[in-house]
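Morning, everyone. Please look at the sequence and the model on the screen while I go through them.

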Amino acid sequence: MERLSYSSRCALVIELARKLRSRGSWAGETHLQKAFYILQDLSKSNFGYKFVIYKHGPYSFDLNNELGAMRAANIVEFEFTREGYGPTIVPTPFGERVRAANMENVETFEPLLDFISEWFGASDVRHLEKIATAYYVTKKNPRDPAIERAKKLNALKPHIDIRTAEDAVRIVDEKRKPIRHNFSRGRTRVVSDRGSAR
Amino acid sequence: MFLVCSNQELTIVLSTATILVIRICAPMKHTHEFRDPIHNFVSVRTDERKVIDSRPFQRLRHIHQLALTYLLYPGATHKRFEHSLGVMHLATEIFDVVTNPDNLGDSSVRNIIPDSVALSYWRTVVRLAALCHDLGHLPFSHAAEDALLPDGYKHDNLSRDIILSPEMQEIWAAMKPRVAAEDIVKVAVGPKYSELQFDIWETILAEIIVGDAFGADRMDYLLRDSYHAGVTYGTFDRHRLIATLRILPKKYEDSDEPALGLEEGGLESSEGLMIARHFMYKQVYFHHIRRAYDLHLKDFLVEWLPGGKFSTKLDDHLKMCDVEVQAAIRAAYEDNHSPYHGLARRIQCREHFRRFYEPAPSDTEGGKLKPGSIIAQAAEAKFGKELIRYDYILPKPTAPIFPVLSFDGRIDSSLQRSQVLAAMPLIGVDRVYCDKSIEAQAIKWREENKNSLLGLQ
């Protein structure tokens with residue numbers, strides 16, 4: 001599968017950060033990392049980001065490098081918008097132009113961007129970490145029962161206890177299958193947090 | 001009967017005919033020292049010396065730390081061998097500070113620290129991993145690594161393969177207690193290339209060596225490279241920095257996940273480290289002439305190596321170091337009929353390409369994200385591919401985010417606590433070179449065509 005172009009990836013980062021912010025997120029790198037991990041899986045697209053378990057769960061050094069390059073190219077910048085939180089990634093005026101020029105490619109992802117930003121926009125890192133790691137464990141071990149995946153999650157992140165891990169695995173099970181199924185069939189019906197369709 | 005005692009022998013004269021000589025063996029020495037210009041003494045244990053005496057580690061004596069940088073900075077002839085010893089020295093200091101019970105404040109942190117037996121095991125792993133972290137380096141270190149290895153391969157993958165090789169497994173198996181090669185791989189290579197899964201403890205141990213913020217690798221190379229290159233920018237207060245390192249939960253992200261951070265008293269030292277790094281990149285690592293030699297070395301190797309790539313078979317890898325490549329360059333230079341003669345001359349006679357374009361900040365205003373690539377493409381069409389080279393390195397973030405512990409127990413992000421870190425510029429390369437013979441022409445052509453090529457007014 002051909003990799004999405006660099007300028008389209010830049011536009012996607014900006015659009016995802018914008019949507020996350022509109023749902024209450026401070027849209028720092030941790031949010032973007034976890035959101036991209038799930039976006040890459042659900043959309044079955046090739047962004048070229050390899051993910052490993054690292055800071056707060058799935059993490060891509062490629063994406064980290066690319067965010068650095070985007071800062072250097074004056075496409076995004078850091079802002080400290082909330083006391084006590086890390087930096088928010090916001091587009092520069094030049095970045096907005098890059099986004100506008102590539103919106104055609106980004107629009108394909110709109111339903112998933114909405115789904116993911118609604119799911120994670122209001123999450124703190126603690127929540128994000130457990131869901132994204134549960135997602136990772138589920139993707140790696142799709143046939144394992146929930147309790148086994150919860151144990152694997154706990155082994156990777158001992159500060160997430162088994163019970164919390166099991167809850168996280170169940171949330172992922174509820175959400176992952178239907179959205180993957182719908183997106184792959186081109187019908188992007190999205191299941192909300194409460195399990196209803198909209 | 002009488003006794004005579006010297007340093008090594010006890011002589012007992014029982015009678016004129018019977019003399020008993022007892023040799024006194026000195027107690028077996030278990031630690032050994034290397035003299036080092038950066039750390040004065042680096043101590044190793046006898047079992048660690050087996051790693052140092054191994055074929056893969058001895059090869060590092062013949063790998064220049066800074067490739068052909070010595071052609072501009074003549075003192076920069078140091079090798080990966082002493083750097084690896086230095087990394088072990090610093091990694092041990094860091095490990096001892098961050099696992100000191102007095103420095104483990106938060107319960108979420110205390111919970112991840114293993115018991116004393118396991119802690120001693122992991123200390124050994126950290127030291128061995130530090131020694132082995134660069135075993136996979138190609139001749140001339142990083143120069144053109146991407147082009148000279150198969151897709152997706154880095155020197156880190158080779159380091160991993162060497163640590164897991166039967167030759168090294170024998171050494172790990174003979175250690176007491178036995179050390180698992182996979183543990184060394186994790187800590188030496190880190191999560192990016194090891195293809196293994198890491199728990200939080202292992203992640204922190206890997207950070208101690210290869211971490212962006214306070215990795216012993218980074219600390220040693222900055223200090224050592226600046227010392228040998230004669231560039232004073234690379235220095236910083238490492239003693240203060242290491243003394244204030246702590247494992248801290250990232251509370252500023254509403255998270256309990258521990259990471260390597262700092263007490264606020266060390267913030268200025270960490271700023272010093274990042275500034276040192278920034279200057280070293282600008283003045284040494286990304287210096288335009290040094291990068292030109294990297295390109296020429298790559299050109300030579302692509303032609304000279306079978307299939308244009310280094311072999312990833314371990315035996316081939318271990319047989320190849322800078323000496324073989326230098327000999328080949330010299331031989332090609334001495335032989336006018338060699339197909340590589342012209343390429344060798346560029347290095348041997350300092351006939352390096354000249355920089356003729358590097359973007360100004362305003363050059364991206366036309367919407368071109370890599371202006372250098374546009375200029376290079378057009379220049380190749382105008383002057384021919386042979387006379388133009390394009391060099392691009394993705395800009396690197398210079399200031400990673402890490403937790404900082406205040407005197408009142410609050411934990412903040414480093415970028416919030418330090419305006420210096422928040423304002424550190426990123427640094428990359430987007431540069432076009434041309435052959436010296438067309439330098440004036442190329443500059444004139446650039447002046448006439450840049451704006452239209454980049455969509456500028």
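Chain A has nine helices and four strands. One caution before I go on: this is a predicted model. Following the sequence of chain A, the order of elements is α-α-β-β-α-β-β-α-α-α-α-α-α. Chain A has 198 residues, and 48% of them count as buried. Now take the contacts in chain A with a separation of 6 or more: 60% of these are between residues 24 or more positions apart.

Let us pick one residue in that chain. A:I116 sits in helix α6 of chain A, which covers residues 110-120. Is A:I116 buried or exposed? There are 26 other C-beta atoms within 10 Å of A:I116, and the cut-off for buried is 20 or more, so A:I116 is buried. Which residues does A:I116 touch, leaving aside those up to four places away in sequence? The answer is A:A35, A:I38 and A:L39.

Next, where the two chains meet. The contact involves 30 residues of chain B and 32 residues of chain A. On the chain B side, the elements that give two or more residues are α10 (191-194), α11 (200-210), β9 (388-396) and α20 (414-417). Of these, β9(B) gives the most, with three residues. Sorted by class, the chain B side has 13 nonpolar, ten polar and seven charged residues.

Now chain B by itself. Its domain assignment gives domain 1, residues 33-289, and domain 2, made of 355-415 and 430-457. The C-alpha centres of domain 1 and domain 2 of chain B are 30 Å apart. Their contact draws 19 residues from domain 1 of chain B and 14 residues from domain 2 of chain B. Which elements of domain 1 of chain B supply at least two residues each to the side that touches domain 2 of chain B? They are β6 (245-249), β7 (258-263) and α14 (267-285) of chain B. The most comes from β7(B), with five residues. That side of domain 1 of chain B has nine nonpolar, three polar and seven charged residues.

Two helices of chain B are worth a look as a pair. Helix α3 of chain B, residues 80-98, packs against helix α12 of chain B, residues 216-229, at an angle of about 130 degrees, and their axes are 8 Å apart. From α3(B), the contact uses B:H83, B:G86, B:V87, B:L90, B:A91 and B:I94. From α12(B), it uses B:A216, B:D217, B:M219, B:D220, B:Y221 and B:R224. By class, the contact of α3(B) with α12(B) has seven nonpolar, two polar and three charged residues.

Last item: helix α7 of chain B, residues 155-163. Why is α7(B) described as largely enclosed by the rest of the structure? Because seven of its nine residues are buried. The buried residues of α7(B) are B:H155, B:D156, B:L158, B:S159, B:R160, B:I162 and B:I163. Thank you.

Definitions and conventions: Residues are numbered from 1 along each chain as its sequence is written. Chains are lettered from A and ligands numbered from 1 in the order in which they are written. This is a predicted model: local features need pLDDT of at least 70, side-chain atom pairs count only at pLDDT 80 or more; totals for chains, interfaces and linings use all residues. Two residues are in contact if their C-beta atoms, placed from the backbone, lie within 7 Å. Ala, Val, Leu, Ile, Met, Phe, Trp, Tyr, Cys and Pro count as nonpolar, Asp, Glu, Lys and Arg as charged, and the others, Gly among them, as polar. Domain bounds come from an automatic or database domain assignment. Axes are lines fitted to C-alpha atoms, for helices over the stretch in contact, and angles run from 0 to 180 degrees between N-to-C directions. A residue is buried if 20 or more other C-beta atoms lie within 10 Å of its own, exposed if 12 or fewer, and partly exposed in between; C-beta atoms are placed from the backbone.
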